[in-house]
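Okay, thanks for coming, everyone. I'd like to walk you through one structure today, so let me put it up on the screen.

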Amino acid sequence: MNLKSTKNQTKKEIEKAKSLSDLDNIFKKYLGKKGLLRTEFLKIKKLSKKEKIRIGKELNTLRVFLQKEIAKKAKEFRRKELSKQEKEEEFDITLPGKKIEFGHLHPLTLVQREIAGIFQSMGFEVVEGPEIETEWYNFDALNIPEDHPARVALSLGKTFYLKGGGLMRTHTSCAQIHYMEKNNPPLRIIVPGKVFRAEATDASHETNFYQIEGLMVGRDVSAANFKAVIQKFLEEFFKTSIKIKLRPSYFPFTEPSFELDMKCTVCAGKGCSACKYSGWIELLGAGMVHPNVLKNGGLNPKNWQGFAFGMSLDRLTMMKYKINDIRLFHSGDLRFLKQF
Ligand code: FA5
């Protein structure tokens with residue numbers, strides 16, 4: 001082997017190498033276990049001592065030269081690879097970042113808070129009542145005896161009874177009794193909360209909806225006060241004049257009783273799915289608190305009288321935002337929720 005020409009040959013090969021794997025091949029060819037240099041080293045065993053030293057030295061110089069050149073070229077490749085990677089990963093700090101979406105309040109919560117604010121401005125306190133009730137608070141205390149048709153209809157058809165006793169309240173009226181038991185008149189409260197009814201759902205009926213109960217008790221609180229309060233509330237809430245009608249009705253816990261309908265705001269009274277094509281939507285039940293209910297709450301009906309009402313928060317929200325299906329509230333559909 002001519003060492004000088006081998007050196008030149010390897011130099012050219014290293015220069016021509018295009019990748020780390022090319023370099024690896026060159027390394028194997030000359031410096032590997034079966035490489036040329038190793039074969040040459042083995043050969044010198046047979047030479048004289050003098051020759052051994054001379055050629056051994058030259059082979060060693062070639063070996064060191066090759067190692068250095070290969071390492072130098074490999075470093076070059078790595079540097080290039082690194083700067084290529086850096087370029088690919090480069091990012092522009094002036095680009096706008098990813099937008100983190102914030103959640104927001106559910107339309108029912110928004111409306112509940114707004115309603116609470118309006119009633120608070122009229123001196124009403126906002127209180128809560130339990131969602132799990134006893135038969136006494138949901139029915140008996142509200143003057144709905146066991147054999148009463150209203151009780152039979154509600155309890156048999158519409159009430160979710162709990163295995164361990166008790167039931168899911170079917171209305172917020174039970175909270176009237178809880179509050180009267182603990183507070184002395186004059187009273188002025190609203191009670192927002194969930195109610196539960198086992199009934200078929202449609203565009204205006206849910207099994208789980210929200211009511212807002214109202215109760216005002218004083219020495220001479222009258223039905224005229226109710227009308228004024230509710231008219232004021234609706235004007236404030238809808239920020240426009242609203243057509244309402246009071247229909248005589250029946251609730252065991254009020255006497256006299258009435259229901260309040262408002263002209264459907266979804267269709268402006270023309271008829272739509274939300275108002276069952278009648279042009280009117282039933283918003284609330286109300287009346288003068290029945291003397292038996294005052295008694296069950298611990299008040300003397302000879303000294304105190306007042307009105308109560310129970311309205312559907314869901315239906316008010318539907319009227320406010322022109323929503324034509326109550327089931328959208330619990331649908332979890334972001335296309336709906338993002339609009340609020
Ligand atoms: C009651 O629940 C009475 N407790 C209201 C009341 C309170 C009357 C105080 C007198 C004094 P009613 O069952 O009609 O009444 O329900 C009240 C309102 O809830 C209705 O006017 C209606 O707007 C709404 N509502 C009734 N059922 C559903 C339902 N399944 N889904 C949505 N809203 C409903």
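Before the first stop, a quick definition: I say a charge sits over a ring if NZ of Lys or CZ of Arg is within 6 Å of the ring centre and within 35 degrees of the ring normal. And please keep in mind that what you see is a predicted model.

With that in hand, look at K320, which lies over the face of F237, 4.4 Å from the ring centre. There's another case like that at W280, where K245 is placed over the face at 4.3 Å from the ring centre.

How many aromatic pairs does a search of the whole structure find? It comes up with 13. Take F119 and F124 as an example: the ring centres are 5.3 Å apart and the planes sit at 75 degrees, so we call that pair edge-to-face. Both of those phenylalanines are buried. They also belong to one aromatic cluster, together with F226, F233, F237, F238, F258, F307 and F309.

In soluble globular proteins, nonpolar side chains tend to be buried together. Here the largest nonpolar core has 47 residues, and the members touching the most other members are I115, F119, F233, F307, F309, M311 and L316. Which elements each supply at least two residues of this core? On the helix side you have α5 (107-121), α9 (223-238), α11 (313-321) and α12 (334-337). On the strand side there's β5 (208-218), β7, β8 (280-289) and β9 (305-312). The element that gives the most is α9, with 7 residues.

Setting aside residues up to four places away in sequence, F309 touches F119, I190, I212, E213, G214, F226, I230, L284, G285 and A286. And there's a second, separate core of 24 residues, with C174, L187, I189 and V217 among its members.

C174 is buried, at 0% relative accessible area. How many disulfides does the structure hold? The count is 0.

Okay, on to the annotated spot. The unreviewed UniProt entry has a "binding site" annotation that covers E255. You'll find E255 in strand β7, residues 254-263. Is E255 buried or partly exposed? At 48% relative accessibility, E255 counts as partly exposed. Leaving out neighbours within four places in sequence, its contacts are M288 and H290.

T172 is in the loop between β3 (167-168) and α8 (174-182), and T172 is buried, with 0% relative accessible area. Beyond its neighbours within four places in sequence, T172 is in contact with V191, G193, V195, Q211, I212 and E213. K99, meanwhile, sits in the loop between α4 (49-89) and α5, and at 80% relative accessibility K99 counts as exposed. If you go from K99 to L3, that's 96 residues along the chain, and the C-alpha atoms are separated by 67 Å.

Note on methods:
Residues are numbered from 1 along each chain as its sequence is written. This is a predicted model: local features need pLDDT of at least 70, side-chain atom pairs count only at pLDDT 80 or more; totals for chains, interfaces and linings use all residues. Side-chain values use heavy atoms; hydrogens and water are left out. UniProt positions are given in the numbering used here, feature names are shortened, and annotations may be inferred rather than shown by experiment. Helices (H or I, at least four residues) and strands (E, at least two) are DSSP runs, numbered from the N terminus. Buried means under 20% relative accessible area, exposed over 50%, partly exposed in between (1.4 Å probe, protein chains only). Contact means heavy atoms within 4.5 Å. Rings of Phe, Tyr and Trp (its six-membered ring) pair if their centres lie within 6.5 Å; planes under 30 degrees apart count as stacked, over 60 as edge-to-face and the rest as tilted. A nonpolar core is a set of buried Ala, Val, Leu, Ile, Met, Phe, Trp, Tyr and Cys residues joined through side-chain atoms within 4.5 Å. A disulfide is a pair of cysteine sulfur atoms within 2.5 Å.
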